[in-house]
Amino acid sequence: MSHAHTSSPPVPAGEEQADAASPHAVLEGRIGYRLDSALLVRALTHRSFAYENGGLPTNERLEFLGDSVLGLVVTDTLYRKHPELPEGQLAKLRAAVVNSRALAEVARGLELGSFVRLGRGEEGTGGRDKASILADTLEAVIGAVYLDRGLAAADEFVHRLFDAMIERSAGLGAGLDWKTSLQELSAARSLGVPEYVITESGPDHAKTFTAAARVGGVTYGTGTGRSKKEAEQQAAETAWRAIRAADPGETESVA
């Protein structure tokens, strides 16, 4: 894919040397690109920090841009890799990749939370590991890569971060989320309706949820997460794989 864009001016030598010693250099190493310093700072600026510091520019416009860039790259990839799938199924596959939970998982892999500029209120309630903040910040960083380096670089960046997740999502059952897929599989095998037993631990601002997926009174899988939904999805995935491994049966189609 190609796209005409206006590249940002190079960072002056003095600023580049000063910035190289900053924590941003660590993040840029993980991103794989040196970015305009002001642009990267803006991509990492959550509105809570901006409002507490006199109305600084936030990362929300970059997030808006990055969301579209991410959607384009993922849609393009799915379109080319799955010529057999109809539009509705492609849309479900894309939703399985481009959602807050998936984005937060990728952001945690970059340890993006440690670089976000947060206000004191968000900081105090565990904002650095909040899925919505991590997802939004990652989209803003993708937007920054696009603005500073163009679509080819943003395309490469998204592929590097998301290809494994795209492959994993393509292996899902027809529902394209693990709870639906487990329900379909257990119905096909006449095992009963899946149930989820939830336990929680930790302080209110940083709770960890554990889910056990039970089918026909048997626990087939467990999962943990920062929300009940995340824990249930993980437990459903584990259970789905366990049931399939025990009795492969017919291969469920994603079409």
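Which residue in E3 is the bridge partner of arginine 214? The first legend answers this.

**View 1. Three strands form an open sheet in the order E1-E2-E3, with antiparallel pairing.** This is a predicted model, in which local features need pLDDT of at least 70, side-chain atom pairs count only at pLDDT 80 or more, and totals for chains, interfaces and linings use all residues. Residues are numbered from 1 along each chain as its sequence is written, and side-chain values use heavy atoms, without hydrogens and water. Strands here are DSSP runs of E of at least two residues, and helices are runs of H or I of at least four, numbered from the N terminus. Two strands pair if DSSP finds at least two bridges between them. Strand E1 (195-201) and strand E3 (218-225) are the edge strands, each pairing on one side only. Strand E2 (residues 208-215) pairs with E3 over 7 bridges in the antiparallel sense. Threonine 219 in E3 is the bridge partner of arginine 214.

**View 2. The charged end of lysine 179 sits over the ring of tyrosine 196.** It lies 4.9 Å from the ring centre. The criterion is NZ of Lys or CZ of Arg within 6 Å of the ring centre and within 35 degrees of the ring normal.

**View 3. Helix H7 (residues 100-109) packs against helix H9 (residues 131-149).** Their axes are 8 Å apart, at an angle of about 75°; axes are lines fitted to C-alpha atoms, for helices over the stretch in contact, and angles run from 0 to 180 degrees between N-to-C directions. H7 is therefore roughly perpendicular to H9 (65 to 115 degrees; under 35 is roughly parallel, over 145 roughly antiparallel, the rest oblique). Residues in contact (heavy atoms within 4.5 Å) include Leu103 of H7 and Leu138 of H9.
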